[in-house]
Amino acid sequence: MVTRQTLPHLWLISDARNDAGLEAALKRLPRGSGFIYRHYHLEPAERIARFRTLARIARARGIATVLADSALTATEWGAGGIYGAPRALWPRRRHLRLATAHSLREIGEANLLGVDAMLLSPVFPTRSHPGGPSLGPLRFRLLATRSRVPVIALGGMSKHKAKRLEWPHWAAIDGLS
């Protein structure tokens, strides 16, 4: 089981646009990485079937699997963690809880609810929100210092940008697909 102490440094996040390459991307990830399954675009039966296929690959490669859904669904599907807005991760259960954060207010909520880690975004411009504002490295670092838990950088991230940011934990959709 993944804990705050064993939190992966590298996370792949699923999305409609990277779906076709997820099997290959999971096989390229180093052992001990993490995978956040979202796939909000699929109907329920398709979503669980796709999760099972990808989770089987992830587990065989020693990759932690986190589900963007409720703790109940994560338990039913066999996910090791849950991902979402801080309030959606309450009450605490046995799962790893990864909160999304985009502002100081959301960081505060995540701190109060005692999540295990948070994904702070968007660090850089991203295809998920074309033309939308991004935090930039300086604001990202300033906000990250307010977190009581590990912060995972998200938004326009790639291996090159993670190295430039000099941040230990990062996640990507396109940057790892």
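Which elements do the buried residues of α4 pack against? Let me start there, and then walk through the rest.

First, the ground rules. This is a predicted model, so to speak: local features need pLDDT of at least 70, side-chain atom pairs count only at pLDDT 80 or more, and totals for chains, interfaces and linings use all residues. Residues are numbered from 1 along each chain as its sequence is written, and side-chain values use heavy atoms, with hydrogens and water left out.

Okay, α4. Helices here are DSSP runs of H or I with at least four residues, strands are runs of E with at least two, and both are numbered from the N terminus. Helix α4 covers residues 104-113, and its buried residues are Glu106, Ile107, Glu109, Ala110, Asn111 and Leu113. Buried means under 20% relative accessible area, exposed means over 50%, and partly exposed is in between, with a 1.4 Å probe and protein chains only. Those buried residues pack against β5 (96-101), β6 (117-120) and α5 (136-144), where contact means heavy atoms within 4.5 Å. Leu112 also sits in α4, but Leu112 counts as exposed, at 72% relative accessibility. Its C-alpha atom is 9.3 Å from that of Arg148, 36 residues away along the chain.

Now α2, residues 44-60. How far apart are its end C-alpha atoms? They are 24 Å apart, which agrees with the 24 Å that 17 residues should span at 1.5 Å a residue; the expected span is 1.5 Å times one less than the number of residues. On the buried list for α2 we have Arg47, Ile48, Arg50, Phe51, Leu54, Ala55, Ile57 and Ala58. The cover over them includes α1 (22-28), β2 (34-37), β3 (64-67) and α3 (71-77). And Gly62, following α2, has a positive phi near 70°.

Keep an eye on Phe51, please. There are 4 aromatic pairs in the structure; rings of Phe, Tyr and Trp (its six-membered ring) pair if their centres lie within 6.5 Å, and planes under 30 degrees apart are stacked, over 60 edge-to-face, the rest tilted. Tyr37 and Phe51 make an edge-to-face pair, 5.3 Å centre to centre with 65° between the planes. Tyr37 is in strand β2 and Phe51 in helix α2, so this pair ties together parts 14 residues apart in sequence. Both are buried: Tyr37 has a relative accessible area of 0%, and Phe51 has 1%. Phe51 also pairs with Trp77, this time tilted, at 5.3 Å centre to centre and 45° between the planes. Since Trp77 lies in helix α3, that pair ties α2 to a part 26 residues away in sequence. Trp77 counts as buried too, at 14%. Phe35, Tyr37, Phe51 and Trp77 form one aromatic cluster.

Of its 27 lining residues, the closest to the centre are Thr126, Ser128, His129, Leu154 and Gly155. Thr126 is in the loop between β6 and α5, counts as buried at 18% relative accessibility, and touches Gly155 and Gly156, leaving out residues up to four places away in sequence.

Methods. On a 1 Å grid over the protein atoms alone, a cavity is a set of points where a 1.4 Å probe fits but cannot get out, and a pocket is an open set with protein on both sides within 12 Å along at least five of seven lines; lining residues have an atom within 4 Å of a point.
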